[in-house]
Amino acid sequence: MKRAVYPGSFDPVTFGHLDVIKRASQIFDVLIVSVLNNKEKSPLFSVEERVKILQEATKEIPNVQVDSFSGLLIDYAAENDLHIAVRGLRAITDFEYELQIAQTNRKLSREKLDTMFLTTSLEYAYLSSSSVKEIASFGGDISQCVPDFVAELIFEKYRIRQNKNKE
């Protein structure tokens, strides 16, 4: 059985992420989408919220499982007997960054974790979670960036933050 992990922050999940998830799920018997709990960032959504959002967004893809982890990907992969990490690439700048991480993971992993890169479909090449959050924070239209239910959750988060700032 071919299993792989697609790790990321997914804060929020975008159509670009979902494109990679759908395509990777056609390659592997099981694709584990795992939300990184990165203590260095202050995310819009908690890890638990991101897991629930991803579960909802991928519920129609039977071989996708959603999980979370903190720490090193190589440790998570070893603990879960995973030998392939999937990463999406939008541009050459992504490749330079992702290549360095992939080479480091391969070198440091006890079980030799390999990375498979999928280039994002052109229609999503402009998308990033950061840009979605920025657009949403100004009340912009993010309907071409994320599923409708995700857009509602994002705008709700910003309404809550705005209300707290007014207090």
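Tutor: Helices (H or I, at least four residues) and strands (E, at least two) are DSSP runs, numbered from the N terminus. In this predicted model, local features need pLDDT of at least 70, side-chain atom pairs count only at pLDDT 80 or more, and totals for chains, interfaces and linings use all residues. Residues are numbered from 1 along each chain as its sequence is written, and side-chain values use heavy atoms, leaving out hydrogens and water. The protein has six helices and five strands, and from the N terminus on its elements run β-α-β-α-β-α-β-α-β-α-α.

Student: Which strands does S2 pair with, S1 or S3?

Tutor: Two strands pair if DSSP finds at least two bridges between them. Strand S2 (residues 30-36) runs parallel to S1 (residues 3-8), with six bridges joining them. Six bridges also join S2 to S3 (residues 64-69), again in parallel. Arg3 has Val30 of S2 as its bridge partner, while Leu36 stands opposite Phe69 in S3.

Student: What is the handedness of the β-α-β unit made by S2, helix H2 and S3?

Tutor: A crossover is right-handed if, with the strands pointing away from the viewer, the path from the first strand over the helix to the second runs clockwise. The unit of S2, H2 (residues 47-57) and S3 is right-handed.

Student: Why is S2 described as largely enclosed?

Tutor: Buried means under 20% relative accessible area, exposed over 50%, and partly exposed in between (1.4 Å probe, protein chains only). Six of the seven residues of S2 are buried, so the rest of the structure largely encloses this strand. In the protein, 43% of the 167 residues are buried.
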